[in-house]
Amino acid sequence: MTVIASGRGGAARSRMRTSTKREALLAYTLLSPALLLFLAFTVFPLAFGLVISLYNWRIVPREFLGLGNYARALAPNSEMWSALSTTVVYSLLSVPVQLSLALMLAYLLFQKIRGKGFFRVAMFLPYVTSTVASAAVWARLYSPDIGIINQALKSFGLQPLKWLMENKGIFTLLAEQFNVTLPAGVTGPSLALVAVIIYTTWVFVGYDMTIFLAGLGNIPGELYEAARIDGASGWSLFRNITLPLLSPTTFFLSLITIIGTFKAFNHIWVMTQGDYGTTTASILIYRQMYEFQRAGYASALAFLLFTVILIVTILQNRFAGQRVVY
Amino acid sequence: MNTRKIVPFVAALGLALSACAGAPQPTAAPQQAAPTTAPQPTATSAPPAAPEATATAAPEPTAAPTVEINNPPRTPEEVDAIDLTGKNVTIKFWHRYAGSQVTKVLEIANDFNQKNPYGIKVELEQAGASYDDVYNKINASIQGGGELPALSIAYQNQAALYRSEGVVIDLTPFIQSKKYGLSQEDLADFFPYFLESDKNPQFPGEVLGWPTQRSMEVLYVNLDMLNALGATEPPKTLAEMEELACKAANPAQETYGFVWKNDASDFAALVFANGGDLLAPDASAYVFNSPAGVEALSLYKRLFEKGCAVAIPTSERFGEQNRFAAGKLLFVPASSSGLPFYASAINAAEKPFKWTIAMFPQASADARPKIDLFGASWSVLKTTPEQELAAWLFMKHFTEKENTAAWAITSNYMAVRQSAAQIAIEQVKNSSRFANFPEAAEGYAKLYDWIQYGAVESPVAGYDPVRKLIQETVQKVAVQGEGDPAEALNAAVEQANQLLAEYAPK
């Protein structure tokens, strides 16, 4: 009896194992095209980049340096620190301004106002416009001698600025108006970097606003009704319902915006080519790779940038993620 | 950690990973052994019988001794021994030409494909929109072990880097080949300076490129503005130029006398004009921190301090040309190859004016002038001796008198042969584009008289980042008004010499 039962159970288990194997085989078969592409175009280049970073590599490998490129990048007088600090400043100034403005616009355009469809599209347009084209147009607007912005300043009797060609910090420029000389540490970001940030905000605020609008649409209306019955209104509703329930959206946007600012390249290259205090980490990597032909060092810089982004993302996830209300 | 927290974390990690992958990073093409070894002999041997006579060489005696042909060939005899008969060699030419330029190159290539007696076929490939694009593509091909063209455009410093990697060959044996080379008469027809400019102190005795085009740094002058200032002719000295530039400037009206357009060649022209050099003649060190260099940078600094010069944003292409055409600039230091574009812009301007090009002013009117001459060449890359010879024969055909003249007229570059120069001059003078600007057409004619004063910036590998260093130094000291010219140039030269050592052929 036992033998018979065991035999039946064994056959069933065997059938199950065969079925599971078939399912697994099917799953891997279906997965394999994507997996192969992932291995070929993501894993292999990353691994190969890592190998390159260990060499003095100009066009071809010349000398194995081990961690020499990393040590060079992390040396106290390395240009990486300056580029990284510019990147951090760019991120710290861009992200809060972008997100605050986007949230404000989203909240405004979520209300029942006339023409909100038009304004939503108008705000989103810069995001779908070619970055290179719009950056070139903005660069022309910023032109010190023929740019419209300076023409406008002059028409109001104000001093024209060099904008994208101004290396001086904005605090220094302000202080100069009052004949005050600031010490080196408190000059602020260059005016050129601030001009780039203004452009960045113009481009991305529409995208952030659209995501916020989607988030606002997901907040149940009953919550507002219940809160109103309890006497809440205006700021109280926004503070206690909108903001907390938008936190997943805010978290998502802050995540991708910070990563985006650390990777930013195209518009900065078009507007300044990294001159006048706008050499961010990505610009530095590009220049080391293509101007200096230092593939090993550029790869090491890229991996260090990756590490920085990873750390920032983990920290953001750990601290900001805890405040997200799902 | 619950699932809701894991999901965003995984998403964040993925985004961070993709961020790294998306950041500019080195080309990660699959690697093969890169062709970096020194030229090695190949098994190719000369044909037992002498090759057939061609239009360019006398028939060889029969039963010529067997010659081992190296790749690349090292002697004219080895080149003579290559037999292309019946081989129907096809070669690729990587270029960056567009518009009418590519049409003309294609026309000449088609003519060569039809007429050459060896069945050589030249295929043109646009490898990018700029010289840098072609440079990066060649470097990527070397790195990835990909196919290289037999022929490519390249600046001298780029050819030097290719030569360091063993992929550009010395053209001397081809030039001197009795069967396929150039006669003494032909060689004498080329402007000697143009031929010299493809020689490189880092590779003594070698010719790493063939001059198909050259340009010169000149001064574009708004003659109407100049006359209004009381001057009757363009300045001959830098002091005169500075004085006139400042007289003409009126920043309130966005009018300036001089311009900085982020071009290291403009600085180089000023260094030469002051009697200096960028690079020591033996290529042992950069020397643009000499008194001549300091004076060049000081001149820019003074012009900006006094509001006499304007800086063109890096993002603005042809900003100086547009301002000149709008009558907002008295002088523009620029390449002679821009001449027809300036003519078109001024023809289309609201108020056309009289203008010309003049020899770049010098520190002293009595000293022998020194003028910046530049231009990309065509370099032959290491493929097979047959393809290398085919590439040479195409270049030889391309620089025949009629083709040289036609190319100069189409491309706006200077003709590289003396016999072709007069044809190009006549064409420019009779061109409708210059009908309103006889002074400018006359300026073009004078270009050929100034070739004898030519000076080369730097033909060594690694000059591109040095150019960037120079541009940053001028930006900082002159445009931003920060720092002392001598100190800034010393710092720049120190970095430039580190680059020189880093890129030096090993």
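The following legends describe close-up views of a predicted model.

**View 1. Domain division of chain B.** Chain B is assigned two domains, each built from two stretches of sequence: domain 1 spans 58–214 + 375–426, and domain 2 spans 215–374 + 431–503. Taken over C-alpha atoms, the centres of domain 1 of chain B and domain 2 of chain B are separated by 31 Å. Within the chain as a whole there are 20 helices and 15 strands. Of the 506 residues of chain B, 51% count as buried. Among contacts in chain B with a separation of 6 or more, 75% join residues 24 or more positions apart.

**View 2. Contact between the two domains of chain B.** Here 18 residues of domain 1 of chain B are in contact with 26 residues of domain 2 of chain B. On the domain 1 side, the elements that give two or more residues are α5 (156–164) and α17 (418–430) of chain B. The largest share of that side, five residues, comes from α5(B). By class, the domain 1 side that touches domain 2 of chain B holds nine nonpolar, eight polar and one charged residues.

**View 3. The four-stranded open sheet of chain B.** In this sheet the strands follow the order β4-β3-β5-β14 (chain B), and the pairing is mixed. Its edges are β4 (121–126) and β14 (377–380) of chain B, each of which pairs on one side only. On average, and with direction ignored, neighbouring strands of the sheet are turned by 30 degrees against each other.

**View 4. Strand β5(B) and its two partners.** On one flank, strand β3 (residues 90–95) of chain B runs parallel to strand β5 (residues 151–154) of chain B, and two bridges join them. Along this pairing, Phe93(B) stands opposite Leu151(B), and Ser152(B) is the bridge partner of Trp94(B). The pairing of β5(B) with β14(B) is antiparallel and extends over four bridges. There, Ala154(B) has Ser377(B) as its bridge partner. Both faces of β5(B) are covered: Leu151(B) and Ile153(B) lie on one side, Ser152(B) and Ala154(B) on the other, and all are buried.

**View 5. Helices packed on the sheet of chain B.** Helix α5(B) lies across β5 and β14 of chain B and runs at about 10 degrees to β14(B). Helix α15 (residues 385–398) of chain B also packs on the sheet, where it touches β3, β4, β5 and β14 of chain B. The direction of α15(B) makes about 160 degrees with that of β14(B).

**View 6. The β6–β7 hairpin of chain B.** Strand β6 (residues 199–200) of chain B pairs in the antiparallel sense with strand β7 (residues 203–207) of chain B over two bridges. The two strands form a hairpin with two residues between them. Asn200(B) has its bridge partner, Phe203(B), in β7(B).

**View 7. The largest nonpolar core and the surroundings of Ala309(B).** This core contains 223 residues, of which Leu301(A), Tyr220(B), Ala245(B), Ala309(B), Phe331(B) and Ala390(B) touch the most other members. Helix α8 (residues 191–217) of chain A gives the most to the core, with 14 residues. In soluble globular proteins, nonpolar side chains tend to be buried together. Leaving aside neighbours within four places in sequence, Ala309(B) is in contact with Ala245(B), Tyr256(B), Gly257(B), Phe258(B), Val259(B), Trp260(B), Tyr300(B), Leu303(B) and Phe304(B).

**View 8. The loop residue Lys306(B).** Lys306(B) belongs to the loop between α12 (291–305) and β10 (309–311) of chain B. The residue counts as partly exposed because 14 other C-beta atoms lie within 10 Å.

**View 9. Domain division of chain A.** Chain A is divided into domain 1 (2–52) and domain 2 (71–323). The C-alpha centres of domain 1 of chain A and domain 2 of chain A lie 44 Å apart.

Note on methods
Residues numbered from 1 in each chain as written. Chains lettered and ligands numbered in written order. Predicted model: local features only at pLDDT ≥ 70, side-chain atom pairs only at ≥ 80, totals over all residues. Domains from an automatic or database assignment. Contact = placed C-beta atoms within 7 Å. Nonpolar A, V, L, I, M, F, W, Y, C, P; charged D, E, K, R; others polar. Pairing = 2+ DSSP bridges. Axes fitted to C-alpha atoms, helices over the stretch in contact; angles between N-to-C directions. Core = buried A, V, L, I, M, F, W, Y, C linked by C-beta atoms within 7 Å. Buried ≥ 20, exposed ≤ 12 C-beta atoms within 10 Å, placed from the backbone.
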